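Please review the following briefing alongside the sequence and the structure.

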Amino acid sequence: MGEQWMFYFDPNRCIGCHACSVACKQRHDRDADADEWRSVFHVSTGEYPEFEEVPVSMSCMHCHDAPCESVCPPDAIIKRDEDGIVTVDRDRCIGCHYCAWACPFGAPTYDDEGLMSKCNLCLGEGAGGGHGQPERKTPEEGGVQPACVSDCVGDAIKAGPQSEVMAEASDRAAERFEDGAYDQRVIVEPVDDDAAVAEAIREGESTAGAVTYEG
Amino acid sequence: MDPLTAPLEFAIALESGLVGQSAVDHYWLSADYWDLSIPLYLFLAVVAGGGVLTGATAPVLARLLGSADGRLEGELARWGFLVGVVSAAGAGLAVLSHLAVILRAVLFPIYLTNFESWITIGTWILVGLSVIATVCLVFRLFGAKAAAAEGASLFPRAIVGKLGLLELADRLVDRFRPPAVVMGGLYAAGSLLAIATIYTGFELSIVETVPLWNMPVAVPLAFLFSGLAAGIGLTVGLTLVFERRLEPIIGAYAAMVGLLSGLGLAAVWYGWSVLTASDAPAAAASQVALTNGTLAAGSWLVVFGLAVASVVGLLVGALALTGRSGDGTDRLAGPALIGSFGLLLLGSLALRIILLLAAEQNPVVVVG
């Protein structure tokens, strides 16, 4: 069994420009009004003057335990042994939506035919494009970078084999991941406030590239 | 403001704040939804189980209780299998109507290969139940014995007669009627499959993203007890509409409906206590949804339907079983049973609908 591929996301570097979701639609030749395989949400907390907004980019996380796969009655969802990428065989999908309920990230989408499609980590192109494809290769090995990763202007999204992604994460993100955050389905940098970033800089710690325009 | 009685948006914002103190933040999105055909399917599948259970156990109960004549037992059995066949067919049509590619679902032995999925397991249970209910119904409706019987539940004979096939059907059934031991086996298998309709609860309870559903004890038991009670209640109600005799066998089933309704209510109450004690923000959102607005009426319908059926079923059941029912009580008890069991049907269906709709307002995790 090959190494699990996974996503990394750093909300501190995301500027909420939606380039990732647009790039995804372009790569997979999806209509502009089609449901998004990668979505950007703007999470707001507090009220003025304490108001804060954090952009969050999400897609299928290709979970190591893939809850969608275990509930799919016709075995249309496959968690690949070779790279851990979760693909969809649309020739088997019955469109029951059970996977949508099971997915903790709301990743499955349904087109006009009622069949499920979702991110395939650019293993292939189009709905169901990843199914049956050979093992995923890193750009260094000649594989393509996922569109959301290559078009992200702030380097907020990364994807790759778990060991490689972990190596690029901050100590805090890696520690949080090891502690079981998000059931170890995705590596996410903790959201820093400016004071915490300043404190981290003063103490000489890595801040994982937090973006701030103050101080 | 109490978050449990506050408007949904306020409670969500508040709960998000609470979660913000933990290591992982959540954000709130509307969840995917299943249309109303899904709760209808989840309901009818267990009602079918209740009908088959009544049909399969009627001969045993009649023997145990010494039924005055075979008419009531025959009526209960036929109505039971009819409820089983019609409800199972309705469940199948409801779930098929929801799917994108119906043909693949119809070809389930080829396509539904994931036996870890409760939809696959459930399909086999529902199909098995439908086949047994149909076979048992045919052997109850046709043949020389059925030709000599009387009762409203024999109406399908009239339909077959209009088609000019009644004589042939009676002859074929008598020719191929299996020995009693085989019929006993069919009844036993039907009863087991009726109980196996608990799978409808497991279909929801394994969904970890929805705390309202993710209760592996409360939800399956609530679905099983309330659904079987509704199926048995519907069978008894149909029988009583035409027979109007409160014999001990009717009392036994009325008491069974009362007991199952009470157990269903207990399971619902247990699930509610788990939900209200949960720290999960999604649990709080579901709780608010169930106690505010339109869904609150549905919640009360569930409680009211199960409670009334429980009290009336146990009371009338006890009267009929102990032989204390007379002309006066019969006149009241029959309509009371029919009315309360009708309310039970509505409450049992409402349970599935509100569980679905309250989860529709359930958030999904957004990383951040």
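Gly164(B), with a positive phi near 75 degrees, follows helix α8(B). The model is predicted: local features need pLDDT of at least 70, side-chain atom pairs count only at pLDDT 80 or more, and totals for chains, interfaces and linings use all residues. Residues are numbered from 1 along each chain as its sequence is written, while chains are lettered from A and ligands numbered from 1 in the order in which they are written.

**Helix α8 of chain B**
- Helices are DSSP runs of H or I with at least four residues, and strands are runs of E with at least two, numbered from the N terminus.

**Packing of α2 and α6 in chain B**
- Helices α2(B) (residues 37-65) and α6(B) (residues 118-141) pack at about 35 degrees, their axes 10 Å apart (axes are lines fitted to C-alpha atoms over the stretch in contact; angles run from 0 to 180 degrees between N-to-C directions).
- Among the residues making this contact are Gly49(B) and Val52(B) of α2(B), and Leu129(B) and Ala133(B) of α6(B) (contact: C-beta atoms, placed from the backbone, within 7 Å).

**Contact between chains**
- Chain B contributes 30 residues and chain A 36 residues.
- On the chain B side, α4 (102-106) and α6 each supply at least two residues.

**Chain A**
- Chain A has seven helices and nine strands.
- Of its 215 residues, 47% are buried.

Conventions
Contact = placed C-beta atoms within 7 Å. Buried ≥ 20, exposed ≤ 12 C-beta atoms within 10 Å, placed from the backbone.
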